[in-house]
Structures are given as structure tokens and as C-alpha cells.
Amino acid sequence: MATGLKALPFSFGAHFLALIAAIMVLVWSIHFRGGLAWEAENKNLIFNIHPVLMLIGFIILGGEAIISYKSFPLEKQVKKKIHLVLHAIALILGIIGICAAFKNHNESNIPNMYSLHSWIGIGVITLYGIQWIYGFVVFFYPGGSSEIRRNSLPWHVLLGMFIYIVAVGNACLGFLEKLTFLEVNGLAKYGSEAFLVNFTAIATVLYGVFVFLTILSQGPTADDDSYSAIA
């Protein structure tokens with residue numbers, strides 16, 4: 001399924017929304033929440049690494065990896081490498097972001113894995129890792145036969161779309177969970193920080209929408225190993 005529209009304007013929209021969302025999560029974590037630190041007496045600074053890396057590292061870079069085939073008029077092999085590397089960076093930063101949440105909980109005597117957000121998060125990062133490994137082995141090195149790649153591609157694309165949809169939804173669930181916790185502990189419900197968190201979640205959703213509009217549109221070139229296969 002394709003929109004028949006050019007992907008380039010949608011990709012520019014995605015890049016713009018990625019920038020806005022990244023700025024907002026950094027303002028929240030640094031200005032309102034006190035900054036970022038891996039080691040600190042204030043354990044909240046350790047937690048602040050989590051939303052920053054999960055949004056910028058996992059959601060945004062993951063989205064950029066998805067739209068890389070439709071964003072650049074480059075050769076297929078170059079786009080494949082960009083796609084692979086961006087997904088690898090997103091996966092690594094996502095794992096570090098999850099580790100930051102566990103570290104904060106462990107050092108603050110807070111139970112782990114008690115919320116729906118955490119359950120879905122572990123499932124998403126696990127599926128993301130499996131998806132990356134399968135893509136590397138089948139489409140990059142050592143590479144499957146042309147028949148295996150051809151038969152695998154639609155499922156690889158569909159699973160990737162599913163994982164990304166769930167990841168974006170879970171990011172919003174995380175924003176809601178954290179904001180609710182802060183409001184229970186005295187944060188003003190109509191204060192500037194609360195509005196910032198909500199608008200960051202909205203920007204995240206819109207970014208996800210533009211990612212999908214991009215991959216459902218016509219890229220600069222057609223190739224055998226891209227999201228154009230779902231058209």
C-alpha cells in the first residue's frame with residue numbers, strides 16, 4: 001500500500017518533528033528535572049537518562065533508520081548500510097536507556113518491572129534486537145539467497161512496522177506514567193512542566209505518523225530491499 005505522494009516532504013516533516021521532540025525532552029530532563037548523570041547522589045538524575053535515550057536514541061534514530069530508504073537518493077547498498085547502522089545505534093542506546101531505569105530503581109529501592117510500560121518496553125527491545133540480528137544475517141552478512149530475501153522481506157517490514165508502532169505507543173505510556181507520578185507528588189497539573197511533557201508525547205506521536213507517511217510514499221528510487229516492497 002502506497003500513498004502515491006512523494007516521500008521527501010514527509011521525511012522533512014519527520015526530521016523537523018524529531019528535532020522538536022529531542023529539544024523538548026532535553027529541556028524537560030535538564031531544565032526541569034536537574035540534568036543527567038550515571039553516578040549521582042540524586043538518583044533522579046540517573047533516571048533522566050532513560051527518557052532522553054529512549055526518545056532520541058531509540059524512537060528518533062529508529063524512525064530515521066526506517067525512513068532512510070525513502071529520504072536519500074543514494075545507491076541501494078549505501079542506504080542499506082545507513083539503515084543497518086542507525087538501527088544498531090538505536091538498539092544500543094535503547095539498551096543503555098533501559099539500564100539507566102534499572103540502575104535508578106535499584107539504587108532508590110524501587111521495585112523493577114511492576115508497570116505495563118516496563119513489560120512492553122522489555123518486549124519491544126527484545127523484538128527489536130531479534131529483528132536487527134535477522135536483518136543483518138539475511139540481508140547483509142552472510143546474506144540469504146535471493147529467494148529467502150524475497151520471501152522474508154514483507155515479514156521483515158511488517159514486523160518492523162509493528163515493533164515501531166508499539167515502541168511509539170509505549171513511549172507515550174512512559175511519559176504518562178512519569179507525569180502521573182510527579183503530579184501525585186505535588187507537580188502542578190496545569191504547570192509548564194506538565195504541559196511540556198504532554199506536548200513532547202504529542203510530538204512523538206506526530207513523528208511516528210510522519211515516519212509512516214514517509215515509508216508509504218514514493219521514494220527517490222525503487223530497489224529490491226527497501227520499504228517500497230510494501231507498495
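N44 belongs to helix 2, which covers residues 44-47. Everything shown here is a predicted model, in which local features need pLDDT of at least 70 and side-chain atom pairs count only at pLDDT 80 or more, while totals for chains, interfaces and linings use all residues. Residues are numbered from 1 along each chain as its sequence is written, and side-chain values use heavy atoms, with hydrogens and water left out. Helices here are DSSP runs of H or I with at least four residues, strands are runs of E with at least two, and both are numbered from the N terminus. N44 counts as partly exposed because its relative accessibility is 42%; buried means under 20% relative accessible area, exposed means over 50%, and partly exposed is what falls in between (1.4 Å probe, protein chains only).

**A charged network built around E39, K43, K103 and E107.** The whole structure holds four salt bridges, each one a side-chain nitrogen of Lys or Arg within 4 Å of a carboxyl oxygen of Asp or Glu. As a rule, side chains of opposite charge can pair when their charged atoms come close. One of the pairs is E39 with K103, whose closest N and O atoms are 3.1 Å apart. E39 is in the loop between helix 1 and helix 2 while K103 is in helix 4, so this pair ties together parts 64 residues apart in sequence. E39 is exposed at 57% relative accessibility, but K103 is buried at 13%. K103 also pairs with E107, this time with the closest N and O atoms at 2.6 Å. K103 and E107 are about one helical turn apart because they sit four residues from each other in helix 4. E107 is partly exposed, with a relative accessible area of 31%. Shared partners are what join E39, K43, K103 and E107 into one network.

**Salt bridge between E193 and R33.** Zoom in on these two side chains and you'll find N to O at 2.7 Å. The partners come from distant parts of the chain, 160 residues apart: E193 is in helix 7 and R33 is in the loop between helix 1 and helix 2. At 6% relative accessibility E193 is buried, whereas R33 is partly exposed at 24%.

Most residues other than glycine have a negative phi, and most peptide bonds are trans. N109, in the loop between helix 4 and helix 5, has a positive phi near 55 degrees without being a glycine. N109 is exposed, with 73% relative accessibility. M113 lies in the loop between helix 4 and helix 5 and likewise isn't a glycine, with a positive phi of about 55 degrees; M113 is partly exposed at 32%. In the loop between helix 5 and helix 6 sits P142, joined to Y141 by a cis peptide bond with omega about 0 degrees.

**Inside the largest nonpolar core.** This core counts 45 residues, and F58, I59, Y164 and Y207 have the most contacts inside it. The elements giving it two or more residues are helix 1 (7-32), helix 3 (49-71), helix 4 (76-107), helix 5 (116-140), helix 6 (146-184) and helix 7. Helix 6 gives the most, with 11 residues. A nonpolar core means buried Ala, Val, Leu, Ile, Met, Phe, Trp, Tyr and Cys residues joined through side-chain atoms within 4.5 Å. Leaving out residues up to four places away in sequence, I59 touches M54, Y164, A167, V168, A171, T204 and Y207, where contact means heavy atoms within 4.5 Å.

**A nonpolar patch on the surface.** Y190, F195, F199, I202 and L206 make up this patch, and together they have about 560 Å² of accessible area. Patch members need over 30% relative accessible area and no salt bridge; nonpolar side chains (Val, Leu, Ile, Met, Phe, Trp, Tyr) are joined within 5 Å, like charges within 9 Å. Areas come from the Shrake-Rupley method with a 1.4 Å probe, and for residues only the protein chains shown count as cover. F199 is in helix 7 (residues 192-215) and is partly exposed at 48% relative accessibility.

**The annotated spans.** An unreviewed UniProt entry places "domain: Cytochrome b561" at residues 13-216; UniProt positions follow the numbering used here, feature names are shortened, and annotations may be inferred rather than shown by experiment. Residues 13-216 are 82% helix and 0% strand, with end C-alpha atoms 14 Å apart. UniProt (unreviewed entry) also lists "transmembrane region" at several spans, including 153-176 and 196-216. Residues 153-176 are 100% helix, with end C-alpha atoms 35 Å apart; residues 196-216 are 95% helix, with ends 30 Å apart.
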